[in-house]
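Subject: Handover of a structure and findings

Dear colleague,

Please find below the structure that I am handing over to you. My findings follow directly after it.

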Amino acid sequence: MGELIERVDERDRVLEVVERAEAVRRRWMHRIATTICRDPMGRILVLRRAEGHVRFPGHYDVLVGGAVGAGESYEDAAARELVEELGAGVPVRFLFKFLCQDGISPVWFGVHEALIAEPLAPDPSEIAWHAWLTELELRKVVDRGPFVPGGREALRRYLGRSAQ
């Protein structure tokens, strides 16, 4: 049996537990926990997904994350994904969620923020490259080159919050 996740509705209410592969294949709504990482200088982590990655290979992103498992909270999933993908065991802070329609299937993105002061140990099967960029630098490059659509949308919402 594959990875079990919760299929949800347009209001993020659980409908049933299903295999993630089936949810993606049938374009069923489900949950993804994501984190935007900052360093102590306020820069934002930008990464390029590994070429062998199943979803958006070689694309740039500002989100670290993955599917929320059955019975798992957005926050627990976000913290787990930081350890798995970056080797960073740091606290996450929930910011907002939104229904992302642009990507592999409609998914609820739970967006978190984390401060990372420790050296990163990216999983090479997930992340091919990473760097820390200022908000200004990031705004200049987010629309250039291949960028994960959901990451671009989450970044715009995130930066829009700080402009208010």
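Valine 17 is partly exposed in this predicted model, with a relative accessible area of 46%. The residue belongs to strand β2. Together with Met1 and Leu4, Val17 makes a nonpolar surface patch of about 340 Å².

Strand β2, which covers residues 14–19, is joined by five bridges to strand β1, residues 4–8. The two strands run antiparallel. Within this pairing, isoleucine 5 has valine 18 of β2 opposite it. The two strands form a hairpin, and five residues lie between them. In the turn, aspartate 12 has a positive phi of about 65°.

I turn next to the aromatic residues. The count of aromatic pairs comes to four. One of them is formed by tyrosine 60 and tryptophan 129, whose arrangement is edge-to-face. Their rings are 5.8 Å apart from centre to centre, with 85° between the planes; an angle over 60 degrees counts as edge-to-face, which is why the pair is classed in this way. Tyrosine 60 lies in strand β5 (residues 60–61), whereas tryptophan 129 lies in strand β9 (residues 127–133). The pair therefore ties together parts that are 69 residues apart in sequence. Tyrosine 60 counts as partly exposed, at 26% relative accessibility, and tryptophan 129 likewise counts as partly exposed, at 34%. Elsewhere, ring pairs link Phe96, Phe98 and Phe109 into a cluster.

The cysteines remain to be described. How many disulfides does a search of the whole structure find? The search finds zero. Cysteine 37 is in no disulfide, and the nearest cysteine sulfur to it, that of cysteine 100, is 18 Å away. Cysteine 100 is likewise in no disulfide, its nearest cysteine sulfur being that of cysteine 37, at 18 Å.

With kind regards

Conventions. Residues numbered from 1 in each chain as written. Predicted model: local features only at pLDDT ≥ 70, side-chain atom pairs only at ≥ 80, totals over all residues. Heavy atoms only, no water. Pairing = 2+ DSSP bridges. Helix = DSSP H or I, 4+ residues; strand = E, 2+ residues; numbered from the N terminus. Disulfide = S-S within 2.5 Å. Patch = residues over 30% accessible without salt bridge, like charges linked within 9 Å, V, L, I, M, F, W, Y side chains within 5 Å. Areas by Shrake-Rupley, 256 points an atom, 1.4 Å probe, with all protein chains shown as cover. Salt bridge = Lys/Arg side-chain N within 4 Å of Asp/Glu carboxyl O. Buried < 20%, exposed > 50% of the residue type's maximum accessible area, 1.4 Å probe, protein only. Phe/Tyr/Trp six-rings, centres within 6.5 Å; stacked < 30°, edge-to-face > 60°.
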